Amino acid sequence: MSTQLQTTQQNTGITVQAQGGMVNYFPTASDWQMLWSIGQTALKSGLLPSGIKSPEAAAIIALKARELGIPVMMGFSHIHVISGKPTMSAELMQALARRNVPGLLINIIESTPKSASVEFVRPEKGSRPYVS
């Protein structure tokens with residue numbers, strides 16, 4: 001599999017050829033308008049987590065969800081702003097790992113309020129477990 005990416009300009013957005021097709025990493029003006037509209041509507045609904053306080057924050061989380069290839073509402077539920085940075089929840093990290101590495105084994109070795117230890121085993125023959 002080639003790791004080389006092909007970049008093209010398309011409607012003022014920049015798209016990159018990735019596994020699964022073209023992905024537009026920089027939103028076009030119409031994309032921004034849609035993300036802003038989603039952010040405003042979602043915020044007005046009162047159904048967003050309390051940490052999302054502005055339409056701009058909601059739009060950025062919607063953009064992050066789009067970049068990750070997940071539904072916007074899932075992004076609102078599982079992308080949290082920590083120290084000013086959109087960050088994925090542990091559940092979302094696990095879901096994306098399982099989606100992108102079919103057959104991945106994730107074994108929770110230890111889980112306490114102060115520490116956690118997890119073992120990851122890739123499905124490829126000969127892969128060694130990784131403990132973090």
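Biologist: Which residues touch the most other members of the largest nonpolar core?
Modeller: Glad you asked! This is a predicted model, where local features need pLDDT of at least 70, side-chain atom pairs count only at pLDDT 80 or more, and totals for chains, interfaces and linings use all residues. Residues are numbered from 1 along each chain as its sequence is written, and side-chain values use heavy atoms, without hydrogens or water. The core has 16 residues (buried Ala, Val, Leu, Ile, Met, Phe, Trp, Tyr and Cys joined through side-chain atoms within 4.5 Å; buried is under 20% relative accessible area, 1.4 Å probe, protein chains only), and the members touching the most others are Leu48, Ile52, Leu68, Ile70, Phe76, Ile79 and Leu92.

Biologist: Which residues does isoleucine 52 contact, leaving aside neighbours within four places in sequence?
Modeller: Contact means heavy atoms within 4.5 Å. On that basis, isoleucine 52 reaches Leu43, Ala57, Ala58, Ile61 and Phe76.

Biologist: Where does serine 83 sit, and what phi does it take?
Modeller: Strands β4 (residues 79–82) and β5 (residues 85–88) run antiparallel, joined by four bridges (pairing needs at least two DSSP bridges). Isoleucine 82 faces lysine 85 across the pair. Serine 83 belongs to this hairpin, which has two residues between the strands, and its phi is positive, near 50°.

Technical notes
Buried < 20%, exposed > 50% of the residue type's maximum accessible area, 1.4 Å probe, protein only.
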